Amino acid sequence: MRNISDLQLQNILLDVDADGIATVTLNRPAKRNALDLATIDELVDIFTTLPRAGVKAAILRANGDHFSAGLDLVEHHREQRSASDFMHVCLRWHEAFNKMEYGGVPIIAVLKGAVVGGGLELASAAHIRVASMDTYFGLPEGQRGLFTGGGATIRVADLIGKARMIDMMLSGRLYRGAEAVDVGLCQYMVEDAEAKAWDIARAAAQNPPLSNFAICSAISHMQNMSALDAAYAEAVVAGVVNTQEAAKARLEAFAKGTAAKVKPE
């Protein structure tokens, strides 16, 4: 098993604090954090390693003014890839984003500036998206003669619906502000997205790891099943999670009336 210290990273910065919260920072600001193949490879390595290293939650952020402008079009143009070559590039993107979505570690994305094309595909693989007020979302593939290849047809369409996604790709429509929250591209849009993301990460890190694993993997799996199979899978997961040792003290506190109440602040 690879340790975090074994990772060889050039385009991404990685730090894990004393509370077990990882900070994953895209670090190609001069390229608007465009995603070249080397960066995707690093994402695969990072999100393969974090769940096995006891990380309790992860913040996904970016240096510079933009979260990510998507596929590195300069690299793509330079490489003159064949259809087969680019298919394998896309499969590598899917591998990275599947490890994020299904890995079981809560990932909170801090969004700002451009979250477009492949950058939106990356953001959609996180479990919670917190956007700054200057964030804008787009899928400009149609105007560039391209088609999404990193999971937008799966995750973005799931977030906002097929019709909205087609509109974005055909017309170049951008979403920003309250409208982006309303359609489901992000769950929060606030003045200080980093601070809000950290609040969420710290709260999630207090949950039992098995509960977080189920929330951040089982739900996605169940969405891929028939209703009957999903109901069965949910019962199995609940049987395991709801009888875990880590839950007993919390259930006892609830029974005694000493647990925190679920109520608005």
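Trp93 and Phe97 sit four residues apart in helix α3 (residues 83-102), so about one helical turn separates them. Helices here are DSSP runs of H or I with at least four residues, strands are runs of E with at least two, and both are numbered from the N terminus. A quick note: this is a predicted model, where local features need pLDDT of at least 70, side-chain atom pairs count only at pLDDT 80 or more, and totals for chains, interfaces and linings use all residues. Residues are numbered from 1 along each chain as its sequence is written, and side-chain values use heavy atoms, leaving out hydrogens and water.

The structure holds one aromatic pair. Trp93 and Phe97 form it, edge-to-face, with 5.8 Å centre to centre and 75 degrees between the planes. For pairing, ring centres of Phe, Tyr and Trp (its six-membered ring) must lie within 6.5 Å; planes under 30 degrees apart are stacked, over 60 edge-to-face, the rest tilted. Trp93 and Phe97 are both buried (under 20% relative accessible area; exposed is over 50%, partly exposed in between, with a 1.4 Å probe and protein chains only).

Now for the sheet. Six strands make an open sheet with mixed pairing, in the order β1-β2-β3-β4-β6-β9; strands pair if DSSP finds at least two bridges between them. Its edge strands each pair on one side only:

| Edge strand | Residues |
|---|---|
| β1 | 12-16 |
| β9 | 188-190 |

Inside the sheet, β2 (residues 21-26) and β3 (residues 57-62) run parallel, joined by six bridges. Thr25 stands opposite Arg61 in β3.
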